[in-house]
Each structure stands twice: as structure tokens, then as C-alpha cells.
Amino acid sequence: MTGGLKDDETEEEFVHSPFIRKQGNIYKPNNKDMDNDSLNEKTMEDVHTKEIDLVNRDPKHINDDVVKVDFEDVIAEPAGTYSFDGVWKASFTTFTVTKYWCYRLLTALVGIPLALIWGIFFAILSFLHIWAVVPCLKSYLIEIHCISRVYSICVHTFCDPLYEAMGKCLSNIRIRTTKEV
């Protein structure tokens with residue numbers, strides 16, 4: 001492939017466009033064999049800009065076993081000891097509304113700082129796991145493999161013959177128990 005003109009091409013076609021090989025360059029292929037759309041590449045979603053579900057806020061059900069406390073779970077009157085109906089209704093409303101607004105107020109005041117703290121914590125944890133823990137474990141496994149081979153040689157050289165000889169010596173011992181009446 002050369003950059004020269006073919007018989008039917010004119011100089012003006014190449015004045016404003018960059019030279020592209022017939023089979024395409026690595027940045028913008030222009031034939032069907034190298035076209036990115038035809039390769040069926042997986043597109044990666046950006047986790048920072050994905051849509052969040054405002055209806056189902058626990059899609060992985062991580063809080064199924066955590067605080068699901070309703071009025072009936074906390075306050076109950078056994079049969080025969082009922083308060084006034086108005087007091088019972090007011091207590092229910094007070095409990096429910098107080099729980100609702102206290103939770104919202106606490107999440108508004110403390111939720112964002114805690115999200116920042118937990119984000120930093122898990123970023124540090126991920127960083128340490130990727131750049132410190134896994135390399136240390138891999139290094140340890142490589143080093144321990146060498147030590148295990150030396151240990152295995154020592155066991156097979158010194159301990160195996162000893163225990164095999166002891167086993168052969170003691171294999172003829174028979175114990176017979178009898179019960180006298």
C-alpha cells in the first residue's frame with residue numbers, strides 16, 4: 001500500500017481528508033471486516049452515571065432482616081386492657097409520623113457525611129486489597145511453595161523411612177484381650 005494516487009482518483013479528493021488505508025486504520029476502520037459495530041463489542045456502563053431506582057431502594061435485599069419495625073411490633077394492648085380509641089389512634093399516628101420524620105431528618109443531616117465516609121472507607125479498602133493484600137498473598141504463596149518443597153523433601157528423606165521401619169517392627173505385635181468371669 002502506498003499513498004500515491006490511483007488511475008481514476010484526482011488530487012482534490014485527498015486535500016481535506018487524511019490518508020486512510022483501504023482496509024482502514026486502527027482508529028476508524030472503513031471496511032466491514034474492521035468495523036466496530038460489526039464486532040459486537042460489549043459496551044461498558046459507567047457506574048457513576050447510572051440511573052438509580054427511587055422506588056425499590058434495596059434491590060439486592062441486603063436489609064431484609066434488619067429493622068422493619070411498625071407500630072404493631074412495638075406497642076400492643078392485650079385483650080381486656082384497651083385505652084381510649086382516640087388515644088390509640090393518636091399513639092399510632094404519633095409513632096408512625098415521628099419514626100418517619102426522624103429517619104428523614106437523620107438521613108438528611110448524617111446520611112451524606114456518612115456516605116462520604118463510607119465511600120472513602122471502601123475506596124481505601126479496595127485500594128489496599130488490590131495494591132497490598134493480593135500482591136502480598138501472591139508473594140507469600142510463591143515463597144511458601146519453595147519452603148513446602150524443601151519440607152516435603154526432608155519429610156520423605158528422614159521421616160518416611162523411620163516411620164516405615166517402626167511400622168514394620170511393630171506390625172507383628174498382637175494384643176489379645178480376654179474377659180475373666
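Contact here means heavy atoms within 4.5 Å. The structure is a predicted model in which local features need pLDDT of at least 70 and side-chain atom pairs count only at pLDDT 80 or more, while totals for chains, interfaces and linings use all residues. Residues are numbered from 1 along each chain as its sequence is written, and side-chain values use heavy atoms, with hydrogens and water left out.

The pLDDT, the predictor's confidence in each residue from 0 to 100, averages 80 over the protein, and 73% of the residues score at least 70. Residues 17–21 have a pLDDT below 50, and this stretch has five contacts in the model beyond near neighbours in sequence. The pLDDT is also below 50 over residues 34–41, a stretch with nine such contacts. Where pLDDT is low, the predicted coordinates should not be read in detail.

The protein contains two helices and zero strands; both are DSSP runs numbered from the N terminus, with helices (H or I) of at least four residues and strands (E) of at least two. UniProt, in an unreviewed entry, places a "transmembrane region" at residues 105–132; such annotations may be inferred rather than shown by experiment. This span is 100% helix and 0% strand, and its end C-alpha atoms lie 39 Å apart.

Of the 181 residues in the protein, 2% are buried, where buried means under 20% relative accessible area, exposed over 50% and partly exposed in between (1.4 Å probe, protein chains only). Asp58, in the segment before helix H1 (71–74), has a relative accessible area of 19% and is therefore buried. Leaving aside neighbours within four places in sequence, Asp58 is in contact with Asn63 and Asp64.
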